[in-house]
Amino acid sequence: MEITNLLKHIPVLETKNAGPIKVTGLAYNSRKVEKGQVFVCIKGFKVDGHQFAGQAVENGAVALVVEDFIDGIELPQYKVENGRVALATLADAFYNHPTRKLKTIGITATNGKTSTSFMTNAILENHGFKTGLMGTVVVKIGDYAEPSELTTPESLDLQRFYAQMVEENVSHATMEVSSSALELNRVGCVDFDIVTLNNISREHIDLHSSFENYFHHKSGLIRNAGADKVAILNLDDSYSASLMNKTKAKVITIGVEDQSADVICTNLDLSTGRAKFTVEIQQDLVTQDLVIPQQKFTIELSTPGFHSVYNSMVSIVIALLCEVPVATIQKSLAEFVGVERRFEIIFEDDFKIIDDHFANSGNIDITLGTLEKMDFERIKLVYAIRGDRGVTVNRENAETIAKWAPKLGIHEVIATLSRSHVTQKDVVSESELEVFLEVMEEAGIKVQLYAELPEAIKHGLYDVTDGDLLLLAGCQGMDYGAKLALEQLEVIRPNVDKKKLFQPLEKRVAGNT
């Protein structure tokens, strides 16, 4: 592509050494620059891309997009106000606006983004659509999948994935949209057709400096949606409901407790832990493209917990907007058994092992609240302390565990730093460890602390007896927990059916290398 054709999509403030150039692509990581590419300098929280422009040039960059001109480099430089915004816009243009060619669905929430995305994808696939999926666990393009590095990839990577989807004839793409991605403009040029915000609670507060900033960025997905789009909002969540009049999009509301919503849940039965309920569409839902008629139908979920009802309500509305028949929705949700590490039962014999990602206080509330409704003798909790999320989130997580501990009979927490099983970005800091220990001490809960994950799980499996429940809890630090626990069980019980034992790992992405 001729550079002038590419750069016409962004406002360039000044140029230096400009001239006609053909470019082969874009890059923002100097180590990954290839010959003929434009290097976009991004000022990050920890590093400034301008410092690596020299390395980018050595690796073959033929032009720079900068926020400040760089002395000593004679290549063409194009000055812009914001490198991140420029990268998103240029990536969208370079890949020829791929999301305009897809039915693009953006899902955000504090809790349930992953489960809702996977539910949605399952329904769409069962209808026969070729689908794409991007989120915390996996990037899926048709039949191809790879583990995710970020909940929402950087804008250049994101647009490349979408372009691959177009090439592979994907028709419907579902994406988890994180608050960080919204703040850092990674999704700035994604043409979402359907957006949804299901719930908001405190998460990533230290990253965004305040809850108000967190909500501001999170809600941007809804507020910035155009008049030809559809926004799905949850009336049972006050923050989601507050956005009803703050978007140009057609709003469709859901509700379980608030029965004034457009789409409500009635006759809810959670007696088995797995919900049965009636979906009632109270009036015809009219969008620019279709009319969803007033109707009622029953749903039975295979995924446990009250939270699954909300996740499924969002997925149901999305599916109806994509013209999936009710019968396909019913069948898909009855068959959908959940997402890895989201209240996942990985062993169920004389005792149970449940694997859950325990991301934040809201998620912990939901998980432990579901456990309270289950039958068991004792709970043994192995908890990977959450690294690089700050003192506030870790205090709230610890306080939530402490709140539930007496109700569940938890007197001891087996905690781990998972030193050898996390990357540098997820290492637990001294202050994060200190606040966790402080809260546990105040609550009178004994802590058995291990630096390494295998030792913590070994302690958790020690003296487990009939009817007990072992909970492997934590985010990145517990990704390898299920694999390690099942491998240790194989040693403890050499006569176990190995195929059955390791079945939960067959399609697992996280921690299965």
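This is a predicted model: local features need pLDDT of at least 70, side-chain atom pairs count only at pLDDT 80 or more; totals for chains, interfaces and linings use all residues.

**Exercise 1.** At what angle do helix α10 and α11 pack, and how far apart are their axes?

*Solution.* Helix α10, which covers residues 307-321, packs against α11 at an angle of about 150°, and the axes lie 10 Å apart. The next step is the sense of the crossing, which is right-handed for α10 and α11. The contact itself is formed by S312, I316, A319 and L320 from α10, together with V326, I329 and L333 from α11. Sorted by class, this contact of α10 with α11 holds six nonpolar residues and one polar residue, with no charged residues.

**Exercise 2.** Describe how helix α4 packs with helix α11, and state which residues of α4 and α11 meet.

*Solution.* Begin with the geometry: helix α4 (residues 113-126) and helix α11 (residues 326-335) have axes 9 Å apart and pack at an angle of about 130°. The crossing in which α4 passes α11 is right-handed. On the α4 side the contact residues are M119, A122, I123 and N126, and these meet T328, I329, S332, L333 and E335 of α11. By class, the contact of α4 with α11 comprises five nonpolar, three polar and one charged residues.

**Exercise 3.** Which orientation do α3 and α5 have to each other, and why?

*Solution.* Helix α3 (residues 83-94) and helix α5 (residues 155-167) pack at an angle of about 20°, while their axes are 8 Å apart. Because angles under 35 degrees count as roughly parallel, α3 and α5 are roughly parallel to each other. As for handedness, α3 passes α5 in a right-handed crossing. The residues that meet are L87, A88, A91 and D92 in α3 and S155, L156 and Q159 in α5. In this contact of α3 with α5, four residues are nonpolar, two are polar and one is charged.

**Exercise 4.** What lines the second largest pocket, and which helix gives the most to its lining?

*Solution.* The second largest pocket contains about 420 Å³ of space. Its lining consists of 23 residues, and those that lie nearest the centre of the pocket are L182, V187, G188, G220 and N224. Taking the lining by helix, α6 (179-183) and α8 (211-223) each supply at least two residues, and α8 gives the most, with five residues. Taken by class, the lining of this pocket divides into eight nonpolar, eight polar and seven charged residues.

**Exercise 5.** How many cavities of 30 Å³ or more does a search of the whole structure find, and which residues line the largest cavity?

*Solution.* The search of the whole structure finds one cavity of 30 Å³ or more. The volume of the largest cavity is about 50 Å³. Its lining is made up of A384, I385, R386, G387, L417, S418, V422, D426, V428, C475, Q476 and G477.

Notes: Residues are numbered from 1 along each chain as its sequence is written. Side-chain values use heavy atoms; hydrogens and water are left out. Axes are lines fitted to C-alpha atoms, for helices over the stretch in contact, and angles run from 0 to 180 degrees between N-to-C directions. Helices (H or I, at least four residues) and strands (E, at least two) are DSSP runs, numbered from the N terminus. A crossing is left-handed if the near helix is turned anticlockwise from the far one by less than a right angle, and right-handed if clockwise. Contact means heavy atoms within 4.5 Å. Ala, Val, Leu, Ile, Met, Phe, Trp, Tyr, Cys and Pro count as nonpolar, Asp, Glu, Lys and Arg as charged, and the others, Gly among them, as polar. On a 1 Å grid over the protein atoms alone, a cavity is a set of points where a 1.4 Å probe fits but cannot get out, and a pocket is an open set with protein on both sides within 12 Å along at least five of seven lines; lining residues have an atom within 4 Å of a point. Grid points are joined across faces, edges and corners, and a volume is the space filled by probe spheres set on the points. Angles under 35 degrees count as roughly parallel, over 145 as roughly antiparallel, 65 to 115 as roughly perpendicular and the rest as oblique.
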